Amino acid sequence: MLSELKPAILITMFFTLLTGIFYPLAITGAAQPLFHRQANGSLILVNGEPAGSELIGQNFAKPEYFHPRPSAAGMNGYDPTASGGSNLGPTNPALSDRLTKDAAQFRKDNPDFDGPIPADAVTTSASGLDPEISPANALAQAARVAKARNASRAEVESLVAANTASRDFGVLGEPRVNVLKLNLALDRSLPVKR
Amino acid sequence: MTANGWLQIALFFALILACTKPLGVFIASVMEGKRTFLSPLLGPLERLTYRVCGVRLDAEGQPEEQTWTRYSAALLAFSGFSAVLLYAMQRMQAWLPFNPQAFSQNNVSPDLAFNTSVSFTTNTNWQSYVPEQTLSYFVQMAGLTVHNFLSAAAGLGIAVALVRGFARQSVKTIGNFWADLTRATLYVLLPASVIAALVLCSQGVIQNLSAYTTVTTLEGVKQVIAQGPVASQEAIKMLGTNGGGFFNANSAHPFENPTPFSNLIEMFLIFLIPAALTYTFGKMVRDTRQGWALFAAMTVLWLGGVVTAYYFEQKGTPMLAKAGIAMQADAAQSGGNMEGKETRFGIANSALFATATTDASCGAVNAMHDSFTPLGGLVPLFNIQLGEVVFGGVGAGLYGMLMFAILAVFISGLMVGRTPEYLGKKIEQKEVKMAMIAMLVLAASVLLFAGASSVAPFVKGGYWNAPGPAAANTNNPGAHGLSEILYAYTSATGNNGSALAGLNANTPWYNVTLGLAMLIGRFLMLLPLLAVAGSLAAKRQVPVSAGTFPTHGPLFVGLLIGVVIIVGALTYFPALSLGPIVEHLML
């Protein structure tokens with residue numbers, strides 16, 4: 001084994017330089033000009049200041065905004081330095097309590113909605129940073145948002161439709177609505193009158 | 001379950017099937033040292049590697065052939081040194097560059113650094129820590145990314161060495177470890193990673209060395225957004241079936257896996273090389289039907305897992321239904337058990353990813369397995385316990401499946417009272433003994449460690465764990481808590497790295513015992529297999545006769561599937577019945 005120690009040390013060093021320094025720096029060097037926006041976090045600027053990332057969910061609690069899914073990331077949710085899910089198991093009473101509480105809150109927030117609660121609306125995501133909700137979840141909240149903005153439900157629903165992404169290539173994934181982009185569109189088209 | 005869900009699953013499989021032969025041929029050429037279309041570009045780099053690193057060459061300038069003992073010594077020397085280096089990097093990260101968040105070594109306790117170092121060296125990529133709060137970009141790049149490449153390259157090399165044992169006759173040598181490591185890295189992993197990293201980046205995976213960005217949300221709250229060189233690591237994390245996330249949420253994190261398209265690419269990368277290796281195997285033993293037979297057995301086992309996981313996750317649980325949540329999918333929402341799943345992936349892609357990542361020894365997750373339904377979550381757990389031979393890890397899947405093939409021909413030989421043969425090699429006492437050692441050691445590691453952690457008590461003020469039972473580190477009560485512990489040691493021993501992440505494993509007790517399980521799972525499986533390779537290479541090829549049991553037909557495929565499932569079920573059924581199965585009955 002000792003005679004193999006020399007190549008072991010040298011080859012580890014060699015590949016550390018090649019795959020650990022050169023490779024990531026080369027990718028960074030290529031990605032920064034080619035995909036500048038994506039490589040730096042798909043940030044969204046409002047009045048020149050970053051207001052969030054298109055890909056990272058943020059908390060919305062006010063009635064005039066669409067609300068994201070509940071989040072288990074960090075103490076108050078949507079903490080991108082502490083990504084993760086609730087990790088509550090399917091028979092855990094703590095999960096049952098939380099679901100019941102959040103379902104009641106969802107109904108209270110959206111009194112005009114009376115269908116079954118969309119599956120994403122009261123469940124926490126895997127990352128705790130899910131930037132999106134299902135179209136069903138968005139439509140369930142449309143009446144509340146319209147009321148809070150003194151707008152018609154149809155106006156809000158058409159913004160939801162405009163901000164609904166269909167499946168990638170018509171096949172992949174699920175249809176979804178980006179909450180931050182939708183709320184920004186609301187602030188632009190149907191601003192809250194103060 | 002929707003037609004669209006099935007379509008996505010079919011599309012994924014079609015992509016894998018289409019790439020199996022071309023990539024399999026390419027890998028065979030590379031590992032046999034033949035010229036390929038990349039040789040003009042990478043040949044000089046390969047020769048430079050040998051020269052700089054002091055790899056001994058023979059008279060023709062090719063790396064010198066090694067016996068199985070020498071090959072093993074090289075593997076152990078390499079793994080040992082690179083593990084020590086990774087440990088040192090973590091413990092010195094404050095003094096190293098690329099650390100804009102100024103993470104100190106205090107974030108990485110000695111037991112955690114040991115665990116992480118072993119974890120990445122053994123291609124496990126179990127993570128007891130929250131990466132975005134713990135490790136500098138330097139450690140992620142020069143430490144973890146490097147091991148993502150090299151542990152996969154080593155696995156690929158070992159698989160090919162075992163295949164050489166079947167393909168050669170009457171020789172003592174099985175290849176050169178340094179050449180296998182170098183060729184797999186330079187010709188296969190690195191070029192594919194460059195392409196995959198840039199494609200992922202186009203989808204929104206970040207790639208920068210900046211400090212974390214502070215933004216002010218629309219509701220006026222400060223939000224700190226983590227950054228980093230993610231795409232470069234993400235590509236090899238999937239391609240090398242490593243699975244260690246740049247972020248805690250792994251491939252569920254929108255910066256690691258932002259779109260359904262990036263998700264398809266990541267799943268594709270998991271199975272790409274393992275599937276191709278079945279063809280490489282067939283080509284090297286000069287009978288590609290043998291490779292397709294393994295591919296067929298793997299496909300059946302994969303499909304069984306996907307269907308089960310998809311069915312139970314879509315069905316949801318009575319608890320969800322009681323809260324008034326929609327369980328049926330429709331055009332505007334996915335329905336089912338969405339706790340711990342991302343909107344963009346829904347049920348079908350979460351179930352497919354969970355199955356693929358544990359069929360292989362990848363362990364990346366795009367949904368939290370801890371929140372799966374009991375039987376939906378049984379699929380990933382049982383997949384790992386089967387030995388991750390369903391396509392499996394890079395290299396690891398093939399050598400694991402070949403071990404089962406040895407057992408399958410042994411069992412069929414017992415049935416007809418004839419010395420079993422596989423690929424023209426007599427399977428005798430030594431081969432079967434070694435295959436059994438590998439199998440028993442894995443089972444013992446999983447069950448004994450999980451058993452110990454379920455009952456071990458700790459005293460107040462002790463070093464190893466918080467006072468009380470180690471089982472108190474689980475965050476779910478009852479049967480699910482046992483599942484968390486069982487999953488942890490299964491994942492560690494199987495070198496998978498996924499977790500039922502509610503378990504707090506960042507204590508010296510869990511870090512050290514899980515680290516030991518990873519070492520056992522990697523090396524006490526590899527060494528017997530390399531011994532088999534050496535023993536097979538020395539044997540003569542027996543000509544095919546009327547009494548030869550053909551190992552390329554449906555009969556053998558069925559037998560192989562049977563052996564895999566029966567061995568797994570007999571070993572783990574008692575433990576599983578106390579965890580996920582009893583939990584299902586409690587729903």
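1. In chain A, strand E1 (residues 43-46) pairs with strand E2 (residues 49-53) in the antiparallel sense, over four bridges. Helices and strands here are DSSP runs numbered from the N terminus, with at least four residues (H or I) for a helix and at least two (E) for a strand. Two strands pair if DSSP finds at least two bridges between them.

2. A word on what you are looking at. This is a predicted model, in which local features need pLDDT of at least 70, side-chain atom pairs count only at pLDDT 80 or more, and totals for chains, interfaces and linings use all residues. Residues are numbered from 1 along each chain as its sequence is written, with chains lettered from A and ligands numbered from 1 in the order in which they are written.

3. How confident is the predictor? For the complex, the predictor gives an ipTM of 0.97 and a pTM of 0.96. Chain B has a mean pLDDT of 95, and 100% of its residues reach 70 or more; pLDDT is the predictor's confidence in each residue, on a scale from 0 to 100. Among the elements of chain B, the lowest mean pLDDT, 89, belongs to strand E6 (residues 468-469), and the highest, 98, to H6(B).

4. Now the overall build of chain A. It holds six helices and five strands, and along the sequence they follow the pattern α-α-β-β-α-β-α-α-β-β-α. The radius of gyration of chain A is 22 Å, well over the 16 Å that the globule rule gives for 194 residues, so chain A is more spread out than a compact globule. That radius is taken over C-alpha atoms, and the globule rule is 2.2 Å times the number of residues to the power 0.38. The C-alpha atoms fill a box of roughly 75 × 45 × 35 Å along the principal axes. Of the 194 residues of chain A, 52% count as buried. Buried means that 20 or more other C-beta atoms lie within 10 Å of a residue's own, exposed means 12 or fewer, and partly exposed is in between, with C-beta atoms placed from the backbone.

5. Chain A also has an open sheet. Its three strands stand in the order E3-E5-E4, with antiparallel pairing. Strand E3 (132-133) and strand E4 (164-165) of chain A are at the edges, each with a single partner strand, so one side of each is left without a neighbour in the sheet. E4(A) pairs with strand E5 (residues 176-178) of chain A over two bridges, and the partner of Thr164(A) in E5(A) is Val177(A). Helix H6 (residues 179-189) of chain A packs on the sheet, touching E3 and E5 of chain A, and its direction makes about 60 degrees with that of E5(A). Axes are lines fitted to C-alpha atoms, for helices over the stretch in contact, and angles run from 0 to 180 degrees between N-to-C directions.

6. Chain B comes next, with 17 helices and six strands. Its radius of gyration is 23 Å, close to the 25 Å that the globule rule gives for 587 residues, so chain B is as compact as a globular protein of that length. Buried residues make up 64% of the 587 residues.

7. Two phenylalanines in chain B deserve a look. Phe98(B), in the loop between helix H3 (68-91) and helix H4 (110-121) of chain B, has a positive phi near 50 degrees. It counts as partly exposed, with 18 C-beta neighbours inside 10 Å. Phe391(B) has a positive phi of about 65 degrees, and sits in the loop between helix H12 (374-385) and helix H13 (396-416) of chain B. Phe391(B) is buried, with 32 other C-beta atoms within 10 Å.

8. Finally, the meeting of the chains. In all, 108 residues of chain B are in contact with 92 residues of chain A, where contact means C-beta atoms, placed from the backbone, within 7 Å. On the side of chain B that touches chain A, the largest share, nine residues, comes from helix H6 (residues 177-203) of chain B.

How values were computed. Two residues are in contact if their C-beta atoms, placed from the backbone, lie within 7 Å.
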